[in-house]
Structure formats: C-alpha cells, structure tokens
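Hi everyone, thanks for coming along. Please bring up the model on your screens, and we'll walk through a few spots together.

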Amino acid sequence: LLEQVCEGVGFAHKKGVTHRDLKPANIHVLDNGHVKVMDFGLARIGASSGMTQTGTVLGTPHYMSPEQVQGEKADSRSDVFALGAILYEMLTGHQPFEAESMHAVLFRILESEPEPVRRWSPDAPDPVVTLAARALAKDPSRRFQDGSDMGRALRAAREELEQESRGPGTLATILAQED
C-alpha cells in the first residue's frame, strides 16, 4: 500500500506539488485495492506559490518534518518525512514522536529520535527498518529526495524480502538447478 502512496506522491512531486499534510487519514484504500492520496488542501505548487510564507506552520503535528515545525519551506523531502512517519506507524502501531502534548510532539520531532522500531516490532525486516530510519532523518538531505525515490526503495526491499522468503525449493530455484 505504501508503495502506491509513494507513487502517487512522487507523481505530485514531479509536477512541483508538495502535499504538506500526509497522514493515514489522507490515504484511502479503494474497493479495488488501489490507493488514493486525499486532501491536497495544504499543498504547495512550485516555488512561486503565495499560499504561505516562511514562519507559517502548517500540517498535522505527528507527521510534520523538522523544517515544517520550524516554519521553514516544505518540499518533497518534507513529504518523505511524513511517509517515513506513516511507515514507522505501520511497522509498530505507534507514531514515531508520541508525547502527551502537541508542544512535546513538536519538540520531539526537532530534538529526539523515535523509539527503535524493534522495541515495538522485534521481527520487522531489516531493509524496511533502515528505509523508515532514512525517511525520518532530521536532515532533509539525508532523506529520499521525493516520493518516487522512496517508492523505488520500498519496492526493492519488498522484492528482496520476497526473494529471501522463497528460499531453496522454489520453482525458480529448481528450474535454475536443472539448467
């Protein structure tokens, strides 16, 4: 599902649109299994949009990037941070920056690292845990550059895990041995 979300968000990024409010409530799974990213109400189009100014904080606190918390310009990497928060929540059942007040949540986003995924989900696959950590990097330059980049990494991780789970005795392995 998150691969589809990344694909949709990546498409928006390629068109110069930054969502700025990605969260589970804005992701809908349709009856056919396809995912639709909703509520582009806070979206920013290109560099010249006059919708907001520096110093204005917009978004849902638990999914905001550090740069959004600081009122700085949000770009595709800010959306990647939100995608990382969503992935973390999918893996653990917890938001990465849980706290008792919104002020404390914002402080944690700026100053703390999330609890390790393995605290909540000891069997989470290494490639996906690594991917979530990269998406949640405080420094935007250390994150995936847009939704498409993150989607490709998720797909590669899924394919790697599927390959590992097939192991010896799969049809592909048996056919390869016969050659």
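Let's start with Ser78, which sits in helix 3; helices here are DSSP runs of H or I with at least four residues, strands are runs of E with at least two, and both are numbered from the N terminus. A quick note before we go on: this is a predicted model, where local features need pLDDT of at least 70, side-chain atom pairs count only at pLDDT 80 or more, and totals for chains, interfaces and linings use all residues. Residues are numbered from 1 along each chain as its sequence is written, and side-chain values use heavy atoms, with hydrogens and water left out.

Is Ser78 buried or exposed? Ser78 is buried, at a relative accessible area of 1%. Buried means under 20% relative accessible area, exposed means over 50%, and partly exposed is in between, using a 1.4 Å probe and protein chains only.

Which side chains pair up with Ser78? The side chain of Glu67 makes a polar contact with that of Ser78 at 2.8 Å, and the side chain of Ser65 makes one at 3.4 Å. A polar contact is a pair of N or O atoms within 3.5 Å; within protein, one must be able to donate a hydrogen and the other to accept it, and residues adjacent in sequence count only if both atoms are side-chain atoms.

Now hop over to Ser65, in the loop between strand 4 (44–45) and helix 2 (66–69). Ser65 is buried too, with a relative accessible area of 0%. Setting aside neighbours within four places in sequence, Ser65 is in contact (heavy atoms within 4.5 Å) with Ser78, Phe81, Ile109 and Arg143. Ser65 and Ala82 are 17 residues apart along the chain, and their C-alpha atoms are separated by 6.7 Å.

Next, look at helix 6, residues 126–135. Its buried residues are Val128, Val129, Leu131, Ala132 and Ala135. Seen down the helix 6 axis, they fall within an arc of 160°, so they line one face of the helix; that arc is taken from the directions from the helix axis to the C-beta atoms. On the other side of helix 6, Asp126 and Thr130 are exposed. The cover over the buried residues of helix 6 includes helix 3, helix 5 (117–120) and helix 7 (147–166).

One last stop: Arg20, in the loop between strand 1 (17–18) and strand 2 (27–29). Most residues other than glycine have a negative phi. Arg20, though not a glycine, has a positive phi of about 75°. At 8% relative accessibility, Arg20 counts as buried.
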